[in-house]
Amino acid sequence: MAVSLKKMSKNPELLAAGHRSCGGCAAPAILRQTLHVAGPNTVIGFATGCMEVATTIYPYTAWKVPYVHCAFENSASTISGVEAAYRALKRRGRIPEDKKMNFIAFGGDGGTYDIGFQALSGALERGHNMLYICYDNNAYMNTGIQRSSVTPRGAATNTSPAGSVIRGKQQARKDLTACMVAHNIPYVAQASVSNHMDFMKKVGKALDIDGPAFINIMQPCYRGWRHKPEDSIEVARVGVETRYWPLFEVENGRWKVNYKPKEVVPVEEWFKLQGRFKHLLAEDKEGVIQWHQEQIEHAWSQLLKREAESKEEGQKEAE
Amino acid sequence: MGQEKVLMTGNEAIGEAAIRAGVQAYYGYPITPQNELTAYMSRRMLEEGRVFIQSESELAAISMVTGSSVSGKRAMTSSSSPGISLKQEGISYMAGMELPGVIVNVMRGGPGLGNIGPAQSDYWQATRGGGHGDYRTICLAPSTVQECADLVYLAFDLADKHRNPVLVLADGRLGQMMEPVTFAHLPDAQPPEKPWALTGAKGRQPQRIVSLHLNLDELEQHNIKLGKKYAKIEKDEVRFEEIQMDDAEACIVAYGTSARVAKESLKRARQQGLKVGMIRPITLWPYPYEPVRAAADRVRFFLVPEMSLGQMIEDVRLGVEGKKPVYHTGRCGGNVSTAQEILDELHHCCQKTQTATRV
């Protein structure tokens, strides 16, 4: 699916204005950009979370495409069912064989990394022709900022508060994108709200591919990250520049890094933009900031190594 | 904190009372309107050097309670309606294994995701077992923030006394509202000895705690044993409050938030010369059938205000045994009746029963 901004500017918006997300929230941009690429022949399955609540306050809906809301843990299962039903209808000739439809499931990080992990894993293994998009804002924001398994080590949340002894979340984050790669599905990608063309191209690729696809997109939440509402995109951009959240894709097992920062920004600079790390910047006896920097360096070198290996494999195959 | 009165939300009071009651492990998962409880415990449990874990799902949290309980520790989890549904598997296993534990449900509107407004629509789930299998859970219903604290304290004692899960059934309004509360009368509890617990078989014979009984007769015997325990709980643990029932000609039966509103309706009704009394169940299981039964011989009718389409009304009818009319009133979907609405319904019921008498 080619992504053209010029063409998109003429497309109707499929997510209506007037939904109730916070001013400065970057998440609706993810939904709109996805719909711009996917178009009207799309069914959305949505896990409970901020965007589900904000876009569907009864009796209104912001969605101009078919939309199914489900519980917190099962948006991957729900969209599996929709896709399976669609295939059955095709088999019976009720839907034309050549009709292309997109099945997209959304979940936040709580509904994807934590409680929805089992449902997601099952759907990918069964091989439904679907795209799962995780909008990852690093905590349970809808219920009031509780830590999730992707909350960065050291970040303060309402259930991992920064006190004088225990200073924020103690555990390292789960690498969900890597877990998805381990499912050996045709397409896995990591994206950021700061790089919209990159994200939309990835959505296009994911929808073109036959089989399950997964995109993990970072979306700063100013309520939980404690930055200025107008800085949501900028905070995401700096996060990418630090390589805390690299943009890459894994297509049929081949790794490709989509963006390589020319000048590396130390992770501390990113932390400085966010109140959730304020206590670490004031005092960091355990060296959490340094630990983050080391993790980033390690992960980045791994990523480049995998990309190089994939390149080599591709060349060999071509020969 | 202790001697003096402090202003707290119901959610926080539940947490503080659990700490007083000697809870050694708390397992939480985010859901509105009980998040203040999880947040409170994330801070306080660590201050006390006890266990706080935010799990990855409700099922994980109740299973962690099972794990702590089987090793003899006082453990607790909390959630709100949709999350409590997810915990039912664990609660059934705990009932089967006769494991104590406290589960707090800060009810919200349902079914499905419903909303985050206060509701009493999980009554059936809470009092009829909830999960699969032939079992009961003790169910305590606070109606003030002070009672949130007191009943959580009691919940741990009853759980250990009967080796049974205990539910505390609050709602979003009780969880979120602030009221003065004191913990002065709740001494720091020393949980009782638990010789049945699995603590390593050092110096004693190994023990087993199971919920699987493949032999049909063995499971039947286990069910019968549980049945005897439930009968004893029904005999010993009924708790309720009676208000102005001595001369009452009409009886309100209400619990939790509905009871607080109905108390005001009762006061206004008395001022208008209506002889209204009230029975407020504190234990929803075991249910106070006896006072309802006794009242059925004296009053003209019963009015049951609930924040649901009418669930507890079935228990009132079981107590009344058809002797008198039993009416439901209330709001649902996260709404709460006003005192005036219940009062109007009282007047309406008075008219209805007068007509009925004449016919």
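Guide: The questions below set each value against its definition.

Guide: This is a predicted model, in which local features need pLDDT of at least 70, side-chain atom pairs count only at pLDDT 80 or more, and totals for chains, interfaces and linings use all residues. Residues are numbered from 1 along each chain as its sequence is written, chains are lettered from A and ligands numbered from 1 in the order in which they are written, and side-chain values use heavy atoms, with hydrogens and water left out.

Visitor: What makes the radius of gyration of chain A agree with that of a compact globule?

Guide: The radius is taken over C-alpha atoms, and the globule rule is 2.2 Å times the number of residues to the power 0.38. For 319 residues a compact globule would have a radius near 20 Å, and chain A has 20 Å, so the two agree. The C-alpha trace of chain A spans about 65 × 60 × 40 Å along its principal axes.

Visitor: How many helices and strands does chain A have, and what is counted as one?

Guide: Helices (H or I, at least four residues) and strands (E, at least two) are DSSP runs, numbered from the N terminus. Chain A has 13 helices and 10 strands.

Visitor: Why is K202(A) called buried?

Guide: Buried means under 20% relative accessible area, exposed over 50%, and partly exposed in between, with a 1.4 Å probe and protein chains only. K202(A) has a relative accessible area of 2%, so this residue is buried. K202(A) is found in helix α8 (residues 196–208) of chain A. Of the 319 residues of chain A, 53% count as buried.

Visitor: Which residues does K202(A) touch?

Guide: Contact means heavy atoms within 4.5 Å. Not counting residues up to four places away in sequence, the partners of K202(A) include Y187(A), I215(A), F248(A), E249(A) and N258(A). For chain A, residues 24 or more positions apart account for 69% of the contacts with a separation of 6 or more.

Visitor: How do you know that helix α10 of chain A is mostly covered?

Guide: In this helix (residues 232–241), 7 of its 10 residues are buried. Among them are V235(A), V238(A) and E241(A). The buried residues of α10(A) pack against β7 (187–192), β8 (213–218), α9 (222–225) and α11 (267–272) of chain A. Just after α10(A), R243(A) takes a positive phi of about 70 degrees.

Visitor: What makes E297(A) and R243(A) a salt bridge?

Guide: The term requires a side-chain nitrogen of Lys or Arg within 4 Å of a carboxyl oxygen of Asp or Glu. The side chains of E297(A) and R243(A) meet at 2.9 Å, N to O, and the pair is a salt bridge. E297(A) lies in helix α13 (residues 288–318) and R243(A) in the loop between α10 and β9 (248–251) of chain A, so the pair ties together parts that are 54 residues apart in sequence. E297(A) has 37% relative accessibility and therefore counts as partly exposed; R243(A), with 7%, is buried.

Visitor: How do you know that D160(B) forms a salt bridge with R74(B)?

Guide: Their closest N and O atoms are 2.6 Å apart. D160(B) is in helix α6 (residues 145–162) and R74(B) in the loop between α3 (58–70) and β4 (75–79) of chain B, 86 residues apart. D160(B) and R74(B) are buried.

Visitor: What distance separates the closest N and O atoms of K263(B) and E241(B)?

Guide: The distance is 3.5 Å, and the pair forms a salt bridge. K263(B) lies in helix α9 (residues 256–271) and E241(B) in strand β9 (residues 240–243) of chain B, so the pair ties together parts that are 22 residues apart in sequence. K263(B), at 32% relative accessible area, is partly exposed, and E241(B), at 24%, is partly exposed.

Visitor: What area is buried between chain A and chain B?

Guide: Buried area is the accessible area (1.4 Å probe) that two parts lose on being put together, summed over both. Between chain A and chain B this area is about 1200 Å², of which carbon and sulfur atoms give 64%. In chain A, I115(A), T143(A) and T159(A) lose the most area to chain B, together 36% of what that side buries. The contact takes 16 residues from chain A and 16 residues from chain B.
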